Amino acid sequence: MKSFTWSLGLVLLFAVPTTANAGFIVEGTAGSGAQVKPTPVARIPTNIMIAPGYGFGTLMRAELGLVSSLPDVKNKEFDLEVRPMLVFSPPFIPLYLRAVFAVTNLLHERVIAYGGAIGIDGEVFDTFGLMGEVGVLPRSVDKTMTYIIEGRAGVYLAF
């Protein structure tokens with residue numbers, strides 16, 4: 001009986017539709033973090049991202065992040081990047097997974113980054129919510145793999 005209850009719970013968890021809105025979404029976030037490899041550990045510039053997107057059902061959405069990196073770290077300049085992303089959000093759980101592909105340093109020497117993040121979000125009102133995440137964005141710079149850990153926090157508006 002116990003295994004039947006667990007099985008039924010798992011089926012309901014992934015099969016029952018959620019109250020999440022399918023359709024357009026816009027996220028606004030701020031983030032920063034650190035380059036952890038190669039050493040020494042160094043802080044990365046603060047960045048601001050606006051990410052419009054569209055949800056396909058309640059489990060997945062595609063977003064395009066437009067990011068500006070601020071020059072708040074010594075020897076860093078203002079720069080832009082583009083982040084196409086896929087977000088996977090299971091029903092009834094406030095956690096999500098984000099797959100990220102990024103083209104960074106658009107105003108300088110372009111670098112390709114990729115990675116993922118895990119986050120938590122929650123609706124405050126019917127279409128407004130708060131979110132926070134932590135992610136890893138590895139990239140190859142001058143034939144050396146660089147690992148960036150980034151934390152983000154922000155808000156979203158679903159239509």
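1. Leaving aside neighbours within four places in sequence, Leu95 is in contact, meaning heavy atoms within 4.5 Å, with Ser89, Pro90, Gly119 and Ile120. This is a predicted model, in which local features need pLDDT of at least 70 and side-chain atom pairs count only at pLDDT 80 or more, while totals for chains, interfaces and linings use all residues. Residues are numbered from 1 along each chain as its sequence is written, and side-chain values use heavy atoms, with hydrogens and water left out.

2. Leu95 lies in strand β5, residues 95–104, where a strand is a DSSP run of E of at least two residues, numbered from the N terminus. Leu95 counts as partly exposed because its relative accessibility is 38%, that class falling between buried (under 20% relative accessible area) and exposed (over 50%), with a 1.4 Å probe and protein chains only.

3. The C-alpha atoms of Leu95 and Glu133 are separated by 9.3 Å, although the two residues are 38 residues apart along the chain.

4. The largest cavity has a volume of about 70 Å³, and 13 residues line it, those closest to its centre being Arg83, Val100, Ala117, Glu133 and Glu150. A cavity here is a set of points on a 1 Å grid over the protein atoms alone where a 1.4 Å probe fits but cannot get out, and lining residues have an atom within 4 Å of a point; points are joined across faces, edges and corners, and the volume is the space filled by probe spheres set on them.

5. At least two lining residues of the largest cavity come from each of β4 (79–88), β5, β6 (111–123), β7 (128–136) and β9 (144–158), and β7 gives the largest share, three residues.

Key
Helix = DSSP H or I, 4+ residues; strand = E, 2+ residues; numbered from the N terminus. 1 Å grid on protein atoms, 1.4 Å probe; cavity = no way out; pocket = protein on both sides within 12 Å on 5 of 7 lines; lining within 4 Å.
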